[in-house]
Amino acid sequence: MSGKALIVGSSVAGIRTAQSLRTEGWLGRIIVVGGEPHLPYDRPPLSKHMLTDRTEISPTPLLTKHEATSDNIELLLGTPAVGLDTTAKRVALEDHREVPYDHLIIATGASARPSPWGQMPGLHVLRGLDDCLGLRKALHGDASAGSGHLVVIGAGFIGSEVAAAARALNLRVSIVAPSAAPLVQSLGPEVGMKLTELHQRHSVETYFGCAVSSLTSSTDGIHVQLDNGTELSATSVVVGIGATPNVEWLKDSGLTLGDGVMCDEQGRASGRPDISAVGDVACWTMPQALASRRGEHWTRAVEQANLVSRRLCGNSIEDTDRHVDYVWSDLHDWKIQIVGQPRHCCRSEIVGEFNGAHTKVAVLYSDEEQRLVGGFIVNWPRATLLLRKATEQRSNARAARALIDAGIPHNSGSNVCR
């Protein structure tokens, strides 16, 4: 607790680790290395209101200069890490400095998968603040001209949120993905169909079950050729095809790397007590899971940061197996919340009604033993609170349903998941 804690990564996982270390009683130095020059900021707004707000707004700060000074947290920003020597216990930075540590916390996150069609004017990915500002400028320019057409490649959260933001600016929007529907692998075909209908109700042109054959830059924009013969002419294109953990700087470190930095159930990397990993870059072993899991969720990053901080400070650790994933999103007129791991279900049951802008629904996902494994909720905060608790407790799905719809008129149905 009196040593030097070096945190590599200045997004939510790294900053929350630094703050939690101080809260839990760490007395030594805390240094945060960040690859971006910006003060630490929150990423979820980048694909939502920061794209649509017509005023010049700043990102939501995670840590101000005053807070860093008050907590005695040292910031080394704009200096990406490029190597790790676990024997000498030093991290090499891009500017040729080396920073020693007593305990290292790896929180370098993930990067957007690059465009497989190369780079060209008008083509964007969205992961960091600079990406957001560049895309925002393009979208608002197209909106002012009144003739913009945004093509979004990918129908995950980023792609869907960007499509919704562009429609809020009254742009023509097309979304293309090889999947049959948005998030279908995670949420199943019925919810995927409802998400497709949501986009279409807001005049998003949907091309699902299609792949992009080529992108060609021209003086009037980008021509997007689909494998079904359709050609779309876009003023801007966003490629949102997933993310990859930032582990390249660790390739010669001797740490075990797979889908991120492989860790035990308390975040120790390769079983080393002096190295931990948290957030999007970390693949933790979960006691009840079939395999180690990496998750790109804000709440998971915070929970891992808190747990590692308590462990390093010698404080009690909560039951990590009770933590469940929690994700939220704003899509058009729906406020979406997802708890747990719906993709691991055997059955799903709908409580409430999909009814356009008036949708108020919860989809319960259960395993072979009818235990709740997750939920998908739209515009129903009470159901979200109940399902988060029920999923943590692995409640019976029937009992969970009784809790959320007691006394509330609804139409419901059930179906078997894939």
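Please keep in mind that the model is predicted. Helices α1 and α8 cross at roughly 35°, and α8 also gives the most residues to the lining of the largest cavity.

**Two asparagines with positive phi**

- N72 is not a glycine, yet its phi is positive, at about 55°.
- You will find N72 in the loop that runs between α3 (65-70) and β3 (73-77).

**Helix α1 against helix α8**

- A pair of packed helices is described by the angle between the axes and the distance between them.
- For α1 (residues 12-24) and α8 (residues 298-312), the axes come within 8 Å and cross at roughly 35°.
- The crossing of α1 past α8 is right-handed.
- On the α1 side, the contact is made by V12, A13, R16, T17, S20, L21 and E24.
- Their partners in α8 are W298, A301, V302, A305, N306, S309, R310 and L312.
- Sorted by class, this contact of α1 with α8 has eight nonpolar, four polar and three charged residues.

**Cavities**

- Two cavities of 30 Å³ or more are counted in the model.
- The largest cavity has a volume of about 140 Å³.
- Ten residues line the largest cavity, and those nearest its centre are M286, R300, E303, Q304 and H323.
- Helix α8 contributes three residues to this lining, the most of any element.
- The lining of the largest cavity divides into three nonpolar, three polar and four charged residues.

**The second largest pocket**

- The second largest pocket has a volume of about 190 Å³.
- Eleven residues line the second largest pocket, with E349, S366, Q370, A397 and R398 closest to its centre.
- Two or more lining residues come from each of β24 (347-353), β25 (360-366) and α10 (397-405).
- By class, the lining of the second largest pocket has two nonpolar, five polar and four charged residues.

Methods:
Residues numbered from 1 in each chain as written. Predicted model: local features only at pLDDT ≥ 70, side-chain atom pairs only at ≥ 80, totals over all residues. Heavy atoms only, no water. Helix = DSSP H or I, 4+ residues; strand = E, 2+ residues; numbered from the N terminus. Axes fitted to C-alpha atoms, helices over the stretch in contact; angles between N-to-C directions. Left-handed = near helix turned anticlockwise from the far one by under 90°. Contact = heavy atoms within 4.5 Å. Nonpolar A, V, L, I, M, F, W, Y, C, P; charged D, E, K, R; others polar. 1 Å grid on protein atoms, 1.4 Å probe; cavity = no way out; pocket = protein on both sides within 12 Å on 5 of 7 lines; lining within 4 Å. Points joined across faces, edges and corners; volume = space filled by probe spheres on them.
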